[in-house]
Amino acid sequence: MMKDNIDFGLGQVMVSTTNSGGHDPEFWAEQATNKICGISEQAAPHIKEQALAFRAAVYNVILAGMRSAIASDRVTVSHKLKEIGHSDVAKFIKEL
Amino acid sequence: MAITSAICNSFKQELLVGTHNFTNGANSFKLALYTSSASLGAGTTAYTSSNETSGTNYSATGSALTNVTPVLASTTAVCDFNDLTFSNVTITARGCLIYNDTNSDKSVCAIDFGGDKTSTAGDFTIVFPTPTASGAIIRLA
């Protein structure tokens, strides 16, 4: 008789909350890095060391990219506000 | 009344008759948040508004998820979604329900957060696990 077990599995989500503002770029860089670089618990020490170094490099690239994107977006939003006559708010956003 | 993390029993049968398609761009799935008074678990068959979270900037029925097309991780089929953020919300939730918005709101799974989670004028983010054979949100081994 042929026998095979089929099992459903349900993973666990993580919930992250903030108050009076959103998540910072470090949070999003961490989540993106986790999606890109998974490191096996069973990996050999020298492989794990290389993987951790690669992971840190990926994290720094993503973080820098996110900070640049945020800065660019603020310039865009600030410019749009200035165009419609809200120079004071535009200045505030640019200086955030 | 409680929320128990479980793949819904009805979902298992519905998979075999092709009700759910997790391919990116195929069926649309949503995630709704619930208070600790909700009763959700393996026996849940569809979205319910009963004891759904309410609060500033949270809309009833929750938010749409972005499906990541299922793949095989070794011999296990795994499913994943992009992380979901409810922005600028003031809410408290104890768990959530993922359901198929395309097909009659049929439920997929219920998830207990392990405790009440609260955001006050902030982000409420659901971070899905890495889609591995042992950790993905939905696995079929």
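In the predicted model, the largest nonpolar core holds 38 residues, and the members that touch the most others are Leu31(B), Leu33(B), Phe113(B), Phe124(B) and Ile126(B). Four strands of chain B, namely strand 2 (29-34), strand 5, strand 6 (84-100) and strand 7 (106-127), each supply at least two residues of this core. Strand 6 of chain B gives the largest share, with nine residues. A second, separate core comprises six residues, among them Ala29(A), Val58(A), Ile62(A) and Leu63(A).

The surroundings of Ile126(B) involve both chains. When neighbours within four places in sequence are left aside, Ile126(B) is in contact with Val13(A), Met14(A) and Val15(A) of chain A, and with Leu31(B), Leu33(B), Asp83(B), Leu84(B) and Phe113(B) of chain B. Two of these partners, Leu31(B) and Leu33(B), are themselves listed with Ile126(B) as residues of the largest core that touch the most other members.

Confidence in the prediction was examined for the whole model and for each chain. The model has an ipTM of 0.91 and a pTM of 0.89. For chain B the average pLDDT is 96, and 100% of the residues score at least 70. Chain A has a mean pLDDT of 92, with 97% of its residues at 70 or more. Among the elements of chain A, the highest mean pLDDT, 97, belongs to strand 2 (residues 14-17) of chain A, and the lowest, 90, to helix 3 (residues 87-94) of chain A.

Strand 2 of chain B pairs with strand 6 of chain B over six bridges, and Leu97(B) in strand 6 of chain B is the bridge partner of Ala32(B). Strand 6 of chain B is also joined to strand 7 of chain B, by 13 bridges in the antiparallel sense. In this second pairing, Asn100(B) stands opposite Lys106(B) in strand 7 of chain B. The two strands form a hairpin with five residues between them, and Ser104(B) in the turn has a positive phi of about 55°.

Ser104(B) is not a glycine, despite this positive phi. The relative accessible area of Ser104(B) is 58%, so the residue is exposed. Asn57(B), likewise not a glycine, has a positive phi of about 70°. Asn57(B) is placed in the loop between strand 2 and strand 3 (63-64) of chain B. With a relative accessibility of 51%, Asn57(B) counts as exposed.

Asn57(B) is also one of the residues touched by Val89(B). Val89(B) lies in strand 6 of chain B and is buried, with a relative accessible area of 0%. Apart from residues up to four places away in sequence, Val89(B) touches Thr56(B), Asn57(B), Tyr58(B), Ser119(B), Thr120(B), Ala121(B), Gly122(B) and Phe124(B). The C-alpha atoms of Val89(B) and Ile137(B) are 24 Å apart in space, and the two residues are 48 residues apart in sequence.

Over all chains, the whole structure contains 10 aromatic pairs. In one of them, the ring centres of Phe11(B) and Phe22(B) are 5.9 Å apart and the planes stand at 75°, so the pair is edge-to-face. Phe11(B) belongs to helix 1 (residues 9-16) of chain B, whereas Phe22(B) belongs to the loop between helix 1 and strand 2 of chain B; the pair therefore ties together parts that are 11 residues apart in sequence. Both Phe11(B) and Phe22(B) are buried.

Terms used: Residues are numbered from 1 along each chain as its sequence is written. Chains are lettered from A and ligands numbered from 1 in the order in which they are written. This is a predicted model: local features need pLDDT of at least 70, side-chain atom pairs count only at pLDDT 80 or more; totals for chains, interfaces and linings use all residues. Side-chain values use heavy atoms; hydrogens and water are left out. pLDDT is the predictor's confidence in each residue, from 0 to 100. A nonpolar core is a set of buried Ala, Val, Leu, Ile, Met, Phe, Trp, Tyr and Cys residues joined through side-chain atoms within 4.5 Å. Buried means under 20% relative accessible area, exposed over 50%, partly exposed in between (1.4 Å probe, protein chains only). Contact means heavy atoms within 4.5 Å. Rings of Phe, Tyr and Trp (its six-membered ring) pair if their centres lie within 6.5 Å; planes under 30 degrees apart count as stacked, over 60 as edge-to-face and the rest as tilted. Two strands pair if DSSP finds at least two bridges between them.
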